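Open the model in your viewer and keep the selection panel at hand. The tour goes from the domains to their interface, then to the ligand.

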Amino acid sequence: MTEKHSDKSENPRVLTGITTTGSPHLGNYVGAIKPAIQASQADNVDSFLFLADYHAMIKSHEPDKIHQSTIEIAASWLALGLDADQVTFYRQSDVPEIMELSWILTCWTAKGLMNRAHAYKANVQSNEANNDDADFGITMGLFSYPVLMAADILMFNGFKIPVGRDQIQHVEMARDIAQRFNHHYGDHFVLPEAMIDDNVAVLQGLDGRKMSKSYNNTIPLFDTEKKLKKSINKIKTNLLEPGDPKDADNSTVFQVWRAFASAEQTADMRQQFADGIAWGEAKRCLFELINQELAEPRQRYAELMADPIAMEKILLAGAEKARDVSVPKLSDIRSAIGIRPITGK
Ligand code: TRP
């Protein structure tokens, strides 16, 4: 099977989206934003990064929250070094072709495939556990969420898709949908692959579970220094005293440390755990390490948040670049499926 790469360049296209619900937290940074920005800085990479604001609607029906989250996430990515001239950075909703493609792909998506989606199944299971109707509270948006994600990816011939582990299945579904489409209409879509960074895939939150907005256990990315310190102090530990050897591998403090530290710093902290570092001291070191990395971006973030007009401009310019790809692509797809002018072949 031949695999086409991006439209505009010879390089494989890296594409990822971030759902605009909530405020960006350290888990988003470590698991998605940082690797995506790093990848985008390599010369030979053609990056598409976008704010998945229509995905946000699946989780939230609160207009102000979706709006605020979009602003914060845009400012975060830019503050952390995303170069909007070098990459294509846009809001999903500014590219209406994506929604149109989503319907076309919906007509090629087996319902049985969507039945197997983890996010949907988790909702059904929790309904059953609560003795509710299996479909209680489940919208078609949640059910067909992987189709919209497939449209995001396939629209732009995204090839490498950096995502968290929970999203691998969705990328595989996009691949499956693309394959079916290609098989019927010819080779229109690149088959995408999930890209997982094994070292930093999932960050633990305050309570030791995966750091996630839905668990309410996050450490915000750009709070004040004081609040960052406070959050880190809230990370759950055990009752071991200073001097007691501590098990690094079962410690959230250590796990978060590792996500920010060099290999050498990680080895050093592991030794300090074995030597019985006090929890307070370990947390103080962790704060210093994270704060060192975030102090400058925090300043840029504040500047961006104070200039919404400039940010809007950046996003609209990004959408223009994205539509240079999506408009002709959708036109090809429509033609392929037989949606074309009466005079057209
Ligand atoms: N669903 C992804 C998440 O919640 C976000 C997302 C939407 C995405 N569309 C995408 C990620 C396309 C990669 C590619 O994390």
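Start with the two domain centres: taken over C-alpha atoms, those of domain 1 and domain 2 are 32 Å apart. To colour them, select 13-202 + 308-337 for domain 1 and 222-302 for domain 2; these bounds come from an automatic or database domain assignment. Residue numbers run from 1 along each chain as its sequence is written. This is a predicted model, where local features need pLDDT of at least 70, side-chain atom pairs count only at pLDDT 80 or more, and totals for chains, interfaces and linings use all residues, while side-chain values use heavy atoms, without hydrogens and water.

Next, select the contact (heavy atoms within 4.5 Å). Domain 1 gives 11 residues and domain 2 gives 10 residues. Together the domains bury about 950 Å², with 63% of that on carbon and sulfur atoms. Buried area here is the accessible area (1.4 Å probe) that two parts lose on being put together, summed over both.

Now show Glu293 and Lys34. Their side chains form a salt bridge, at 2.8 Å from N to O. The term needs a side-chain nitrogen of Lys or Arg within 4 Å of a carboxyl oxygen of Asp or Glu. The count between the two domains is 1 salt bridge.

Stay on the side of domain 1 that touches domain 2. Helix H1 (26-41) and helix H3 (63-79) each give two or more residues to that side; helices are DSSP runs (H or I, at least four residues), numbered from the N terminus.

Finally, move to the ligand. Which residues are closest? Thr19, Tyr145, Met149, Asp152 and Gln167 are the closest of the 14 residues that surround the ligand, counted by a heavy atom within 4 Å. Zoom in on Asp152: a polar side-chain atom lies 2.6 Å from a ligand nitrogen atom. In Gln167, a side-chain N or O atom is 3.1 Å from a nitrogen atom of the ligand.

Methods. Polar contact = N/O pair within 3.5 Å; in protein donor to acceptor, adjacent residues only side chain to side chain.
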